[in-house]
Amino acid sequence: MMATEKTAYISKRVLVDGEVRPACIEVQNGQVCRVLTKGFDVKNYSKVQDVGNLLIMPGVVDAHVHVNEPGRTSWEGYTTATRAAAAGGITTIVDMPLNSIPSTTTLHAFRTKLDAAQNQCFVDVAFWGGIVPGNAGELKPMLNAGVVGFKCFLIHSGVDDFPHVERADLETALQTLQGTDATVLFHAEVDCACNGTKGNPEEYRTFLESRPAIMEEKAIELVCEMCLKYKVKCHIVHLSAASALPSIVAAKEKGAPLTVETCHHYLSLNAETVPNGNTLYKCCPPIREKRNQDLLWDGLKKGHIDMVVSDHSPCTPDLKLLDRGDFMAAWGGVASVQFGLSLFWTNCRNYGMDLFDMVRLMCENTAKLASISHRKGAIRPGYDADFVIWDPDVPFEVTEDRIYYKNKVSPYMGRTLQGRVYQTVVRGNTVYADDAGLNSSPQGGFVLKSQQDEKSKL
Ligand SMILES: [Zn+2]
């Protein structure tokens with residue numbers, strides 16, 4: 001037979017088609033050919049990898065990662081961010097348009113970013129563009145060049161070269177994108193009279209009170225209104241305030257093409273246990289109380305929240321002002337791309353969720369959001385051979401020497417997480433192996449949205 005160049009991945013536990021069962025995944029030219037659950041013979045394959053009892057699952061698609069290159073490479077870069085992703089079982093990341101210099105808000109800037117990322121990626125990378133006041137004319141050219149959608153802010157973004165949009169800018173952008181299948185992502189917080197900055201800046205409570213839930217609620221009301229008006233796909237990034245969920249549910253029920261994500265830090269950390277002065281826990285919107293966290297988990301379980309992402313947003317440690325412990329002045333953002341799979345797995349069973357929920361929330365729905373679900377997010381014939389091979393029962397401790405992203409700080413340092421990644425495979429290439437470390441050459445590539453991809457979705 002012509003099967004000589006096929007590789008077989010065999011395990012007693014393969015997560016495929018909503019079941020975990022013994023299976024053999026046939027891989028050829030970087031794609032899955034067949035998944036055989038019985039009657040497979042290792043003699044038919046030129047290469048066989050039998051991983052015994054380790055679980056083979058679709059690789060995680062993290063749709064919210066700030067790589068910051070070019071321009072802020074002391075914060076992060078493609079090599080380090082994608083190595084961390086590979087070590088964490090993530091096979092595709094989608095890069096955010098801001099914190100790099102330039103921001104990805106023009107076709108030229110997008111090309112600059114692609115040049116910077118070239119030959120540096122250890123996993124596959126897709127790209128979000130950005131919407132800022134006055135760049136509506138750049139949106140379709142960026143879309144045609146391969147961005148998978150656009151992010152905007154409804155409040156100051158933290159960097160001056162990515163200004164937030166007002167309602168009029170938003171209406172122009174949404175009109176421009178009507179009739180395309182682009183998704184618009186919203187950082188959904190708005191300024192309000194309530195967010196004064198009183199109190200001791202070293203106390204977490206001072207920061208939390210400066211970003212109350214109403215800032216998210218008000219912003220999300222606007223997003224829902226725009227989504228229903230223009231019927232352009234809208235997506236709320238990093239939902240923190242569970243109190244905004246009723247508006248989201250109501251808009252979805254009215255037919256709004258709306259999705260929403262939350263992040264590992266909102267599901268794993270809570271305000272009551274943030275140590276005062278420890279600004280590694282600062283992000284916007286903020287990590288809120290345990291009561292709110294329970295409601296976010298409830299929203300995930302009910303399907304009201306569609307996906308979970310990292311919002312990996314690193315910076316150099318000095319910008320965290322750890323010596324001063326000033327929550328108000330420190331840079332906001334949590335670096336965590338490497339630990340998402342384990343963070344979610346550590347907690348999800350306490351909330352009655354399982355591996356299948358995890359695949360839905362971290363592989364399938366994130367791939368769908370990024371318009372790459374015709375080749376990513378599942379183990380299926382014709383799909384990219386992107387797998388994470390891991391043991392859900394093995395714990396590990398988050399330690400500095402284990403971290404692959406550039407600045408090795410984390411609010412999770414010293415914590416024990418459940419679920420250890422042993423191997424990560426991207427399009428049939430092992431990009432990370434627990435015993436051998438990372439592949440020495442970057443084998444990831446770009447996943448650009450193209451007309452052809454559109455057609456192959458059908
Ligand atoms: Zn972000």
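**Figure 1. β10, helix α4 and β11 form a right-handed β-α-β unit in this predicted model.** Helix α4 covers residues 167-177. Helices (H or I, at least four residues) and strands (E, at least two) are DSSP runs, numbered from the N terminus. A crossover is called right-handed if, with the strands pointing away from the viewer, the path from the first strand over the helix to the second runs clockwise. Residues are numbered from 1 along each chain as its sequence is written. Because the model is predicted, local features need pLDDT of at least 70 and side-chain atom pairs count only at pLDDT 80 or more, while totals for chains, interfaces and linings use all residues.

**Figure 2. Six strands make up an open, parallel sheet.** Their order is β9-β10-β11-β12-β13-β14. The edges are held by β9 (129-130) and β14 (307-309), each with a single partner strand, so one side of each has no neighbour in the sheet. Two strands pair if DSSP finds at least two bridges between them. Strands of a sheet pair through backbone hydrogen bonds, either parallel or antiparallel.

**Figure 3. Strand β11 (residues 183-187) is largely enclosed by the rest of the structure, because five of its five residues are buried.** A residue is buried if 20 or more other C-beta atoms lie within 10 Å of its own, exposed if 12 or fewer, and partly exposed in between; C-beta atoms are placed from the backbone. Thr 183, Leu 185 and His 187 cover one side of β11, and Val 184 and Phe 186 the other. Five bridges pair β11 with β10 in the parallel sense, and Gly 149 stands opposite Thr 183. Four bridges, again parallel, pair β11 with β12. Across to β12, Thr 183 stands opposite Lys 233, and Leu 185 has His 235 as its bridge partner.

**Figure 4. Strand β12 (residues 233-236) runs parallel to β13 (residues 258-263).** Three bridges join the two strands, and in β13 the bridge partner of His 235 is Thr 259. Lys 233 and His 235 point one way from β12, Cys 234 and Ile 236 point the other way, and all are buried. In a regular strand the side chains alternate between the two faces of the sheet. Together with helix α7 (residues 245-253), β12 and β13 make a right-handed β-α-β unit.

**Figure 5. Gly 146 lies in the loop between α3 (136-145) and β10 (149-153).** Gly 146 counts as partly exposed because it has 17 C-beta neighbours inside 10 Å. Leaving aside neighbours within four places in sequence, Gly 146 is in contact with Leu 448, Lys 449 and Ser 450. Two residues are in contact if their C-beta atoms, placed from the backbone, lie within 7 Å. From C-alpha to C-alpha, Gly 146 is 26 Å from Val 388, and the two are 242 residues apart in sequence.

**Figure 6. Domain 1 (3-56 + 384-392 + 417-456) and domain 2 (59-369) are given by the domain assignment of the protein chain.** Such bounds come from an automatic or database domain assignment. Taken over C-alpha atoms, the centres of the two domains are 29 Å apart. Domain 1 gives 27 residues to the contact and domain 2 gives 32 residues. On the side of domain 1 that touches domain 2, the elements giving two or more residues are β15 (387-397), β16 (416-426) and β17 (429-433). The largest share, six residues, comes from β16. The residues of this side divide into 16 nonpolar, nine polar and two charged. Ala, Val, Leu, Ile, Met, Phe, Trp, Tyr, Cys and Pro count as nonpolar, Asp, Glu, Lys and Arg as charged, and the others, Gly among them, as polar.
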